[in-house]
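Colleague: I would like to learn how to read aromatic rings and helices in a model. Could we begin with a charge and a ring, and go on from there?

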Amino acid sequence: MSKGKVLVVGSNATRIEIQGGGTGPTGQYLNETVVPAMALVDAGYEVVLATPDGTKPHIDPVSDVAQHFDGDEAALQRGRAFFKENPGMKNARTLRSVIEEGLDNYAAVFVPGGQAPAVDLMQDADLGEILRHFHARGKPTAFLCHGPIASLAALPQAREYRAALISGDEKKASQLGKDWQYAGYKMTVYSASEETPIEDNILHGKLYFNMPDALHTAGGNVSTGAIDFAPNVVVDRELITGQNPRSDHPLGAKLVEALNRASVSA
């Protein structure tokens, strides 16, 4: 019998804007999606994947390699199979349908990374409604790598906030970021220095904003680890954030711990 359902929110973005015009390829990271989700299932929870348009996320090919599974080819194959075959992963739903079904049916929400959430999720009104619901009830809310940028969807004018970041209007962004639900929370996210090799070797251009600055401008108490790509997870109240792809296992463990504590206290 399932201990409860966890909503896994995926992105539908496949391209991201770069400075000077044009876009670069993006998507969602496989390990960041399946490693925490598999930990949830192993702990007795059911996962339900939902995206803005109801189709499965595009997996960034750079993540679909054994390197992101600790160099373990068998682990990569298990991750691929889970994403393809697990009932909760196979049949993606729209975020709107999840809302209409009732958010009280879910014990937690989890948003994995890859750069894609910085395109659609951070300005998605349905995700904003979902996050405000979970925040108001203090339910576990987890974000991994670039995923924490999606927490900005909780802003009432999230789309305008993103536009201000892209235009470089920090004053306007600060105004639009007032009264953010996660202002003052300790959190982490993919660092600017970790972003550099992606910009140099994959995007061949610079992003319009970096993830720590985007969260800090809205009031987030953002910190990143001293060593790039070392696992780093920060927990503050209901919020659980992991910095980078290598934070996949520890973030999954922290989310399971938070769910188990909530279950005991319920």
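Modeller: A charge sits over a ring if NZ of Lys or CZ of Arg is within 6 Å of the ring centre and within 35 degrees of the ring normal. Please keep in mind that this is a predicted model. Here arginine 237 lies over the face of tyrosine 185, at 3.7 Å from the ring centre, and lysine 5 lies over the face of tyrosine 106, at 4.9 Å from the ring centre.

Colleague: How many aromatic pairs does a search of the whole structure find?

Modeller: A pair of aromatic rings is described by the distance of the centres and the angle of the planes. The search finds 3 aromatic pairs in the whole structure.

Colleague: Why is the pair of tyrosine 182 and tyrosine 185 edge-to-face?

Modeller: The planes decide it, because an angle over 60 degrees counts as edge-to-face. The rings of tyrosine 182 and tyrosine 185 have their planes at 80° and their centres 5.5 Å apart, so this pair is edge-to-face.

Colleague: Are tyrosine 182 and tyrosine 185 buried or exposed?

Modeller: Buried means under 20% relative accessible area. Both tyrosine 182 and tyrosine 185 are buried; tyrosine 182 has 0% relative accessibility, and tryptophan 180, at 3%, counts as buried too. Tryptophan 180 is also among the residues with the most contacts inside the largest nonpolar core, which has 83 residues, and Leu127 and Ile130 are listed there as well.

Colleague: What span should helix 5 have, and how far apart are its end C-alpha atoms?

Modeller: The expected span is 1.5 Å times one less than the number of residues. Helix 5 covers residues 125-137, and its 13 residues should therefore span 18 Å, which agrees with the 19 Å between its end C-alpha atoms. At the N-terminal end, aspartate 124 caps helix 5, with a side-chain oxygen 3.0 Å from the backbone nitrogen of aspartate 126, while glycine 138, with a positive phi near 65°, follows the helix.

Colleague: Which elements do the buried residues of helix 5 pack against?

Modeller: They pack against strand 1 (5-9), helix 4 (95-101), strand 6 (106-111) and strand 7 (141-144). Leu127, Ile130 and Phe134 are among the buried residues of helix 5. Leaving aside residues up to four places away in sequence, isoleucine 130 touches Leu7, Leu95, Ile99, Leu103 and Val109.

Technical notes. Residues numbered from 1 in each chain as written. Predicted model: local features only at pLDDT ≥ 70, side-chain atom pairs only at ≥ 80, totals over all residues. Heavy atoms only, no water. Phe/Tyr/Trp six-rings, centres within 6.5 Å; stacked < 30°, edge-to-face > 60°. Buried < 20%, exposed > 50% of the residue type's maximum accessible area, 1.4 Å probe, protein only. Helix = DSSP H or I, 4+ residues; strand = E, 2+ residues; numbered from the N terminus. Contact = heavy atoms within 4.5 Å. Polar contact = N/O pair within 3.5 Å; in protein donor to acceptor, adjacent residues only side chain to side chain. Core = buried A, V, L, I, M, F, W, Y, C linked by side-chain atoms within 4.5 Å.
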